[in-house]
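Dear colleague,

I am handing over the structure below, and after it you will find an account of what turned up when it was examined. Please read the two side by side.

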Amino acid sequence: LLFQQMAAAEIVEPSADEAIGFEADQVLKEIAFAVDHVEISKELPSDRSVTYLNLVTREKEAYCVELSQKGYRVVGKEFDISEIPPEASQYFETIYSLLNRISPMYRDSFGTALASKLAQIQNERDEDENESEEVN
């Protein structure tokens, strides 16, 4: 019965019209640990096909980043400035690959966060094993 209910449940995915905004919201949460600041631009127009992010890297460099169906690209070196034409900049499939290109300290913080998470998982496993041994 549970499986039938799960199969019948409708999975809610963002529509094509909402996808760019949804992805932008997710990016804000996912990269906050690795940049000094990130926000959705309040000045540049966003619609269902494009939105703009303002971010400051750990190196204290400001960027305006376009998010569209084509991917991510730097469009300006100041908040809320879109002045670099598409033919003069590279599109990246993910925000992570863009950050990897523009911010060496992103690479370091990502590596540190990954190592910390792996250590946390290992500690949790060790604690579970110790508790299991104590019970036996």
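**Charged pairs and their surroundings**

Arg 58 counts as partly exposed, its relative accessibility being 28%. Please keep in mind, for this and for everything that follows, that the model is a predicted one.

The side chain of Arg 58 meets that of Asp 36 in a salt bridge, with a distance of 3.5 Å from N to O. Because Asp 36 lies in the loop between helix H2 (16–31) and strand S1 (37–40), while Arg 58 lies in the loop between strand S2 (50–56) and strand S3 (62–68), this pair ties together parts that are 22 residues apart in sequence. Asp 36 likewise counts as partly exposed, at 35% relative accessibility.

Asp 36 also meets Lys 60, again through the side chains, in a salt bridge of 2.4 Å, N to O. Here too the pair links distant parts of the chain, since Asp 36 sits in the loop between H2 and S1 and Lys 60 in the loop between S2 and S3, 24 residues apart. Lys 60 is exposed, with a relative accessible area of 60%. Through salt bridges that share partners, Asp 36, Arg 58 and Lys 60 are joined into one network.

Among the four salt bridges that the structure holds, there is also one between Glu 66 and Arg 73, whose closest N and O atoms are 3.2 Å apart. Are the two residues of this pair, Glu 66 and Arg 73, buried or exposed? Both Glu 66 and Arg 73 are buried.

**Around Pro 86**

Pro 86 is found in the loop between strand S4 (71–76) and helix H3 (95–102), and Pro 86 is partly exposed, with a relative accessible area of 40%. From Pro 86 to Val 74 the distance in space is 9.2 Å, C-alpha to C-alpha, and the two residues are twelve residues apart in sequence.

**A negative patch**

Which residues form the negative surface patch? The patch is made up of Glu 124, Asp 126, Glu 127, Asp 128, Glu 129, Glu 131, Glu 133 and Glu 134. One of these residues, Glu 129, has its place in helix H4 (residues 104–135). Glu 129 has a relative accessible area of 48% and is therefore partly exposed, a value that also lies over the 30% asked of residues in a patch.

**The protein as a whole**

The protein contains four helices and four strands, and these follow, when read along the sequence, the pattern α-α-β-β-β-β-α-α. Of its 136 residues, 28% are buried. As for contacts, if one takes those in the protein with a separation of 6 or more, 35% of them are accounted for by residues 24 or more positions apart. The protein exposes about 9300 Å², and carbon and sulfur atoms supply 52% of that area.

Terms used: Residues numbered from 1 in each chain as written. Predicted model: local features only at pLDDT ≥ 70, side-chain atom pairs only at ≥ 80, totals over all residues. Heavy atoms only, no water. Patch = residues over 30% accessible without salt bridge, like charges linked within 9 Å, V, L, I, M, F, W, Y side chains within 5 Å. Areas by Shrake-Rupley, 256 points an atom, 1.4 Å probe, with all protein chains shown as cover. Lys, Arg positive; Asp, Glu negative; His and termini not counted. Charge placed at Lys NZ, Arg CZ, Asp CG, Glu CD. Helix = DSSP H or I, 4+ residues; strand = E, 2+ residues; numbered from the N terminus. Buried < 20%, exposed > 50% of the residue type's maximum accessible area, 1.4 Å probe, protein only. Contact = heavy atoms within 4.5 Å.
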